[in-house]
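Good morning, colleagues. Please look at the structure on the screen while I speak about its aromatic pairs and its pocket.

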Amino acid sequence: MTDRPSVSISSRKQPKQARSNELVAAILDAAVQVLAREGAQRFTTARVAERAGVSVGSLYQYFPNKAAILFRLQSEEWRRTTALLRAILAEDARSPPERLRRLVHAFIRSECDEAAMRIALADAAPLYRDAPEAREARAAGDLIVEAFMREALPHAPAAVRDRAGDLIVTTLSEVGKSFSETPRSAAEIGIYADAMADMFCAYLDSLAQA
């Protein structure tokens with residue numbers, strides 16, 4: 001059966017019993033392995049089902065097509081990223097510069113740890129990047145960044161805060177992706193993250209003084 005990127009990316013149904021949860025977990029684990037080994041272009045439901053040791057029919061009970069599986073994997077990635085943002089940027093006990101520095105280090109480490117999966121999911125992005133579900137998933141992270149920028153730049157105009165937040169997030173994401181495409185040592189990651197954090201903190205400080 002040929003997968004079509006135009007069809008629904010939503011899961012067909014949600015597992016309600018322990019056995020069903022185990023089946024979905026096995027399918028997703030197999031999908032990660034197939035995606036990392038084969039890449040997005042050779043990723044198929046048949047390969048995932050074979051790797052998971054289940055029938056294609058069983059897979060289709062929960063995922064109607066390969067786009068639905070890939071979107072589920074991407075959604076899990078978005079949830080992890082959102083949790084990381086919330087845990088660090090909303091930590092009131094630390095100053096905004098301290099939080100930003102911790103975020104840069106955690107994000108760059110995460111990018112390097114999961115580089116192969118992120119690259120493969122990026123290749124598959126055309127299947128779901130314009131879907132309503134994708135926009136909703138990204139919006140949660142945007143709200144966290146907006147709240148942080150209000151704390152970091154309380155006296156700056158909203159337009160300045162929005163531009164600064166977008167610049168930091170975009171730079172962190174794009175540069176982090178590029179940096180992680182080459183295997184890195186822990187020391188390299190630390191040095192690079194420190195340099196990025198210094199740059200971002202200096203930028204925020206200049207805006208605060210303006």
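F71 and W78 are both buried, buried meaning under 20% relative accessible area, exposed over 50% and partly exposed in between, with a 1.4 Å probe and protein chains only. The model is a predicted one, in which local features need pLDDT of at least 70 and side-chain atom pairs pLDDT 80 or more, while totals for chains, interfaces and linings use all residues. Residues are numbered from 1 along each chain as its sequence is written, and side-chain values use heavy atoms, without hydrogens and water.

How many aromatic pairs does a search of the whole structure find? The search gives 2, where rings of Phe, Tyr and Trp (its six-membered ring) pair if their centres lie within 6.5 Å, and planes under 30 degrees apart count as stacked, over 60 as edge-to-face and the rest as tilted. The ring centres of F71 and W78 are 6.0 Å apart with planes at 70°, so this pair is edge-to-face. F179 and Y192 are stacked, at 4.0 Å centre to centre and 15° between the planes. F179 counts as buried because its relative accessibility is 5%, whereas Y192, at 30%, counts as partly exposed.

I turn to the pocket. W78 is also among the residues nearest the centre of the largest pocket, together with T81, R138, V169 and S173. The lining of this pocket comprises 39 residues; by class, 18 are nonpolar, 7 polar and 14 charged.

Notes. On a 1 Å grid over the protein atoms alone, a cavity is a set of points where a 1.4 Å probe fits but cannot get out, and a pocket is an open set with protein on both sides within 12 Å along at least five of seven lines; lining residues have an atom within 4 Å of a point. Ala, Val, Leu, Ile, Met, Phe, Trp, Tyr, Cys and Pro count as nonpolar, Asp, Glu, Lys and Arg as charged, and the others, Gly among them, as polar.
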